[in-house]
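Here is a walk through a structure, with the sequence and model to follow along. Keep both open as you read.

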Amino acid sequence: MQNLANRRNKYVAAMSWVALTAAIIIAMLIIAFDKGQSAGSISGAGDIWWMDVPEVEQSYRKVTAKDNLLKQN
Amino acid sequence: MNQVVEKRQNGWSSLWQHEDWWAVWLGAVVIISVSAGFLSKPTLPGRWGQDGANLLSAIPAEIFAGILLTGFISLLLFAVSVSFCGKKELSKFLLAFPLIFGIGIVAELLGNYSPLRHYGLNNVIWALVLGLLISNTISVPAFVKSAARTELYIKTGLVLLGASILFNRMLALGALGLGVAWLVTPIVLIFMYWFSQKYLKMQDQRGLAITIASATSVCGVSAAIASGTAANAKKEEISLAVSVTLIFTVIMMVAMPVVIRLAGINDMVGGAWLGGTIDSTGAVVAAATMLSEQAVEVASVIKMIQNILIGIIAFVIAIVWIRIEEKGDGTSKKEKVSPLEIWTRLPKFILGFVLASLVFSFVLPAAVVASVSAPINGFRDFFFTLAFVSIGLETNFKGLVSLIKGGSPVTLYIVGQTANLVLTLVAAYIFFGGNIFPLPY
């Protein structure tokens, strides 16, 4: 039973290393070939909080305006 | 001896002798000074690497004086705290802070390189990388450590973060938005923590488990910082959660719009799915931009509503963690504690964090909030940079690698993010599919 648990733990550890390595390689390829279309983008993954992203405020205003219009009608 | 220490900690003197309280006072000083017009946005290097902006245009000679002033204000603020909490350290702090500040400015400069910032390599990540590189290649002089005050910088930054948690915006998309952003998030958070304890046996890494769970279910880096600090997680644990989140965010930002298009998911549902799952707000917007304007609207508002939840989650984690007694051998047990004990052990920065959020949500007029947000966010962001420089300087690679040796943190992230993707897609179809509930517009 203990052996089985140990083997499972080793398997989980090995698989997670494979997954992490694969993720790092994929992420590096995405960055190297600019698959996220960084050119022309105002915001990206480096903007971690909503107040750092101007599009969020714009979207909030648009949604609120639409909502107010619906309420008036 | 312990009773004496305990008594001293409970007394009024803790208000000016504890760094935890000083985070609240310093946060309040920044907020009040900005609101009164005494303090403006900190001067820091600008964006470069796009639209013809080069390195020199990011840091022109005209802003040198402003950068020095930003450094002086930061030095003054934190020096006051150091002088009250441990006067002996003050001279070393004054000597070492310019070094931490200098590394912070370099991190800001590198983090503002647009092509890499788009993929998550921002000031916070560069601060961590630079700190790690310095501490693991050349030995850091002992006096520098007295200015590497991670807790003080991070907690002051978190009090300022409270000012941008606006509860009055939580109903922006009505109950439908709450259904996606507030229903799935706690389910994923609780599931991940339960999974970490039940199957991954992370009993000696509870802080790491809850930090990864929050980062995955709420909003990545900010959630990792807020909940990790509330749970008293180790510095390496917060760094690890931030790093894992960053790697997978890059993949999700690019892959999810492709999946949405290939699967023929409509833009409302797709936007809600992106907003509820991708960790960083900027990445949510970047991914939704690949779909349509409607997707951007839904995705970014869902993300904003989800961001608000971090205030509640950090508060709840702080309360729950009071009941978990950490033992010296790395294990922990739950214990019953009185309300007085809760008050004594509660991380006090949480009070400033929640109070700032309530004041900015319900007391200050919207126009005032809009006008003071940029300076407050500027200082918050820079204090996080200083915090991650400090974390890097105090972390060794071996410690960081040993955390992921057994594979549990990565497994936890992958299992949790998979559950997050499935549950949020189901919620997006239920609330934004137009079949069960009428769409908001």
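Helices here are DSSP runs (H or I, at least four residues), numbered from the N terminus. A residue is buried if 20 or more other C-beta atoms lie within 10 Å of its own, exposed if 12 or fewer, and partly exposed in between, with C-beta atoms placed from the backbone. This is a predicted model, where local features need pLDDT of at least 70, side-chain atom pairs count only at pLDDT 80 or more, and totals for chains, interfaces and linings use all residues. Residues are numbered from 1 along each chain as its sequence is written, while chains are lettered from A and ligands numbered from 1 in the order in which they are written.

The expected span is 1.5 Å times one less than the number of residues. There's a bend of about 35 degrees at B:Ala96, with a proline, B:Pro98, following within four residues. The bend is the angle between axes fitted to the seven residues ending at a position and the seven starting there.

## A closer look at B:Phe101

B:Phe101 sits in helix α6 of chain B, and it counts as buried because it has 22 C-beta neighbours inside 10 Å. Setting aside neighbours within four places in sequence, B:Phe101 is in contact with B:Gly71 and B:Ser74. Contact means that the C-beta atoms of two residues, placed from the backbone, lie within 7 Å.

Chain B splits into domain 1 (14-159) and domain 2 (162-432), with bounds from an automatic or database domain assignment. Their centres, taken over C-alpha atoms, are 23 Å apart. Domain 1 of chain B puts 48 residues into the contact and domain 2 of chain B puts in 45 residues. On the domain 1 side, the elements giving two or more residues are α3 (19-35), α6, α8 and α10 (150-162) of chain B. The most comes from α8(B), with 12 residues. By class, that side has 29 nonpolar, 14 polar and five charged residues. For this count, Ala, Val, Leu, Ile, Met, Phe, Trp, Tyr, Cys and Pro are nonpolar, Asp, Glu, Lys and Arg are charged, and the others, Gly among them, are polar.

Which residues touch the most other members of the largest nonpolar core? In this set of 156 residues, they are B:Ala272, B:Ala287 and B:Ala314. A nonpolar core is a set of buried Ala, Val, Leu, Ile, Met, Phe, Trp, Tyr and Cys residues joined through C-beta atoms within 7 Å. Helix α17 (residues 293-322) of chain B gives the most to this core, with 17 residues. Both domain 1 and domain 2 of chain B supply residues, so the core lies between them. Beyond four places in sequence, B:Ala314 is in contact with B:Ala226, B:Ser227, B:Ala230, B:Ile350 and B:Phe353.

The 29 residues of α14(B) should span 42 Å at 1.5 Å a residue, and its end C-alpha atoms agree at 41 Å apart. A kink of about 30 degrees lies at B:Ala255, shortly before the proline B:Pro257. Just after α14(B), B:Gly264 takes a positive phi of about 70 degrees.

Over in helix α19 (residues 349-363) of chain B you'll find B:Val354. B:Val354 is partly exposed, with 18 other C-beta atoms within 10 Å. Leaving out residues up to four places away in sequence, B:Val354 touches B:Gly162, B:Gly311 and B:Phe315. The C-alpha atoms of B:Val354 and B:Phe315 are separated by 7.8 Å, though the two are 39 residues apart along the chain.

## Where the chains meet

The contact between the chains takes 47 residues from chain B and 39 residues from chain A. Elements giving two or more residues on the chain B side include α7, α13 (221-230), α14 (235-263) and α22 (408-432). That side divides into 22 nonpolar, 21 polar and four charged residues.
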